[in-house]
Amino acid sequence: MRRTALAAVAAAAVRGSRSMASTAPRVTVLGGGVGGCAAAANLARTGAQVTLIEMGRGAGGRATTRGTREDPRIQVDHGAPYADMRTEAGKKATQELVAAGYAAEFQGPFGTLRADGAFEASEEAGVTWYRGHPSMSRWCEGLLQGTPSITKKFGSMIRRIEPVREDVTGAVLGWKLFDKEGQLVSDCDWLVVSGSGVAHPRWSQTFGGQAPLTEAAAVLGDARLDAALAAIGRITARPVQVAMMAFEGPAAEAWLRLPFAVAEVEGDPILAKIVVQKSDSGLVNVVAHSTEAFAVAAQDAFGSTSTAARVGGAAADASREQEVLGQLVTALNVCVARLLGPEVELSKPMFGPLLHRWGNAFPVGASLSAEESLAPASRLAFAGDYVGPRSGSIEGAMLSGADVAQRLMEHVASSASACSSCM
Ligand SMILES: Cc1cc2nc3c(=O)[nH]c(=O)nc-3n(C[C@H](O)[C@H](O)[C@H](O)COP(=O)(O)OP(=O)(O)OC[C@H]3O[C@@H](n4cnc5c(N)ncnc54)[C@H](O)[C@@H]3O)c2cc1C
């Protein structure tokens, strides 16, 4: 259905169920990563009144950029360093970001650092690589471009989710979302859950108690929602610890002598990937990504500046953080010295090194199918890199956000048609 027709019918559907000044469905998207931003933008463009809630300082999620107030030149992509697009739909959607200046094609060079220290360049057919331009946080900005009607609530972590139910039938009419202090953050007709943490058993390890959506769903008796939550619960997480830093002057030049921008590291127990990126400001950013085994062993260190510590109140241990950071940086320097020679001074960054733990860098296991992503009786939907094909990627998150927005609005529109034909 075309966007304008969809918007008109969807608005009529909500008119039937709610007498309010505005008739467009009020949809809250929980989570401002790529999946949430894609969903929010597509919903807004098809006529929904959208609120986007994100606990971080801005949109981005795992496709984000670390900056500092002290020095605006520092912009380090410490999550996903790039997006590899493997489908025509993903490439087409990304081309819109490229045309608007929010992303650019990325040529690498890519390769592998062998265990013997040799570097081997690599190419992969059928894949186009992109980066946010000039940094990854622009990806989500680009997705949200041209949708000023979206209400953005950043820096707000949702800790409780409550269904709004019809008195007699118990039918779900919408949702209310609350923060840590119990303050109402959003009140909506439909909820799109993008950050899966509120629906996953891992919530209790960090914050204690049951995950908010799991708790809310327990009283609804919606088999479809229960099935979706069970599927989400079976997805596990692959963690990554990253050490990020930025260099200037001769140290920066030394890093640029490496024959790669991105190298997978083979056979190292600590280091899995090295990303070297020259920024527009002339600084050279270096991010060392750990192996899964190292991240699991170091899961008690998550970086005192992480959102979990800052907004969620999770306790951070500074000395453990320094220990883990030291191990990652040493592994990085040993690896790189094999290529550049030991005399090169690599260890004095002008920013960092800083540690960041991505407890859920990549989902592992069968993702939620696109059909499972909508639970209409509960007025709830899921979007993100744990939904649909291409799990654990920016491409997957972006396409799932667009897909769920279309499914949701089509459902609202078809309910409206059914409602008008029964009058
Ligand atoms: C180190 C690393 C390397 C990666 N490399 C690549 C790569 O090379 N290529 C690639 O395609 N992908 C890569 N990825 C994966 C990619 O970043 C993700 O697949 C994608 O960004 C996921 O987007 P999302 O919107 O599904 O989830 P997220 O980005 O996780 O977004 C969910 C958002 O919800 C918010 N949120 C969660 N709970 C709450 C709450 N209770 N209240 C408020 N807000 C909440 C979170 O803060 C977060 O911003 C990498 C990821 C990491 C961490």
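Predicted model: local features only at pLDDT ≥ 70, side-chain atom pairs only at ≥ 80, totals over all residues.
Begin by selecting the seven strands that make up an open sheet of mixed pairing, which, read across, come in the order E8-E7-E16-E17-E18-E15-E19. Colour the two edges next: strand E8 (119-121) and strand E19 (351-364) each have a single partner strand, so one side of each is left without a neighbour in the sheet. If you turn the view to look across the strands, the twist to look for averages 20° from one strand to the next.

Now select strand E16 (residues 262-265) together with strand E17 (residues 271-278), which run antiparallel and are joined by three bridges. Within this pair, show alanine 263, and opposite this residue you will find isoleucine 274 in E17.

Finally, select the cysteines. Which cysteine sulfur is closest to that of cysteine 140? It is the sulfur of cysteine 37, at 3.8 Å, which is too far for a bond, because a disulfide is counted here for sulfur atoms within 2.5 Å. By this rule the model has zero disulfides. Is cysteine 140 buried or exposed? With 0% relative accessibility, cysteine 140 counts as buried, and cysteine 335, at 3%, counts as buried too.

Technical notes: Residues numbered from 1 in each chain as written. Heavy atoms only, no water. Pairing = 2+ DSSP bridges. Helix = DSSP H or I, 4+ residues; strand = E, 2+ residues; numbered from the N terminus. Axes fitted to C-alpha atoms, helices over the stretch in contact; angles between N-to-C directions. Buried < 20%, exposed > 50% of the residue type's maximum accessible area, 1.4 Å probe, protein only.
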